[in-house]
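Let us walk through one part of this structure. Start with a helix, then turn to its neighbour.

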Amino acid sequence: MDWKTLQNLLSGVNKYSTAFGRIWLSVVFVFRVLVYVVAAERVWGDEQKDFDCNTRQPGCTNVCYDNFFPISNIRLWALQLIFVTCPSLLVILHVAYREERERRHRQKHGEQCARLYENAGKKHGGLWWTYLLSLVFKLIIEFLFLYVLHTLWSGFAMPRLVQCTNVAPCPNTVDCYIARPTEKKVFTYFMVGASAICIVLTICEIIYLIFHRVLRSVHKVKAPGDRSSRSAASRASTCRCHHKLLEAAEQDPIPGNDKLQASAPKLTPI
């Protein structure tokens, strides 16, 4: 898997993230992706080859391995890293949509018209909700994968000995031994700890976003004069755009040009 491509995609999220979001991304790539690529893949590379059972029954070793490891830890972590970073791409897509909408607006109505967005990457309106939903999705995915990891192996520890009982074609009870159980247990605890840190950072970021939004709303209520002056400036800019369209219609009176006399476009940020 090319993790560098994923890193390049997500590096653009830093421009639109809060401080907690930047720390979260650093933790993901330093303590999860880097550890996964450099060390974890090698530790789990020999898991099935060195999974020894005290039986010569054909197929018994493979069945016992599948019974205890329905999905490998290393592949489960790879899925977790992919799914937990994908919601961040929603923010990039939303900002790209805003920039494209602004570009088309400029093309259609000219550079003198009022801008649709003061800053396409600023977390206001729909982008704020997109950012918040991406955090909620990340939180759900983290908890879900931790629950699956804990449920499949009845905890996060890695036993030295596992027993296969009543698993065909194994005769009676078969004892099987896992390769490097202590090393695998250390890496499992490390990855679970890194996931827990990411969960805490995500919760802090959600609280920060909501608190900042509430604080901004309170300031708007306390300062109605500033809000009215901003709306007046916006109306003035819209009127300039409207007059420009009317002047263009008067200078070039072509039949069917009544559309230019329509009101200026609605500035509804998304």
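In α5, the buried residues are Pro87, Ser88, Val91, His94, Val95, Arg98, Glu102, His105, Arg106 and His109. Buried means under 20% relative accessible area, with exposed over 50% and partly exposed in between (1.4 Å probe, protein chains only). The model is predicted: local features need pLDDT of at least 70, side-chain atom pairs count only at pLDDT 80 or more, and totals for chains, interfaces and linings use all residues. Residues are numbered from 1 along each chain as its sequence is written, and side-chain values use heavy atoms, leaving out hydrogens and water.

Helix α5 covers residues 87-109. Helices are DSSP runs (H or I, at least four residues), numbered from the N terminus. At 1.5 Å a residue, its 23 residues should span 33 Å. That expected span is 1.5 Å times one less than the number of residues. The end C-alpha atoms are 34 Å apart, which agrees. Just after α5, Gly110 takes a positive phi of about 90 degrees.

Now look at helix α4, residues 73-85. The axes of α4 and α5 come within 4 Å and cross at roughly 30 degrees. That makes the two helices roughly parallel, a label for angles under 35 degrees. Phe83, Val84 and Thr85 of α4 make the contact with Pro87, Ser88 and Leu89 of α5. Contact here means heavy atoms within 4.5 Å.

Thr85 is buried, with a relative accessible area of 2%. Its side chain reaches the backbone oxygen of Leu81 at 2.7 Å.

Key: Axes are lines fitted to C-alpha atoms, for helices over the stretch in contact, and angles run from 0 to 180 degrees between N-to-C directions. Angles under 35 degrees count as roughly parallel, over 145 as roughly antiparallel, 65 to 115 as roughly perpendicular and the rest as oblique. A polar contact is a pair of N or O atoms within 3.5 Å; within protein, one must be able to donate a hydrogen and the other to accept it, and residues adjacent in sequence count only if both atoms are side-chain atoms.
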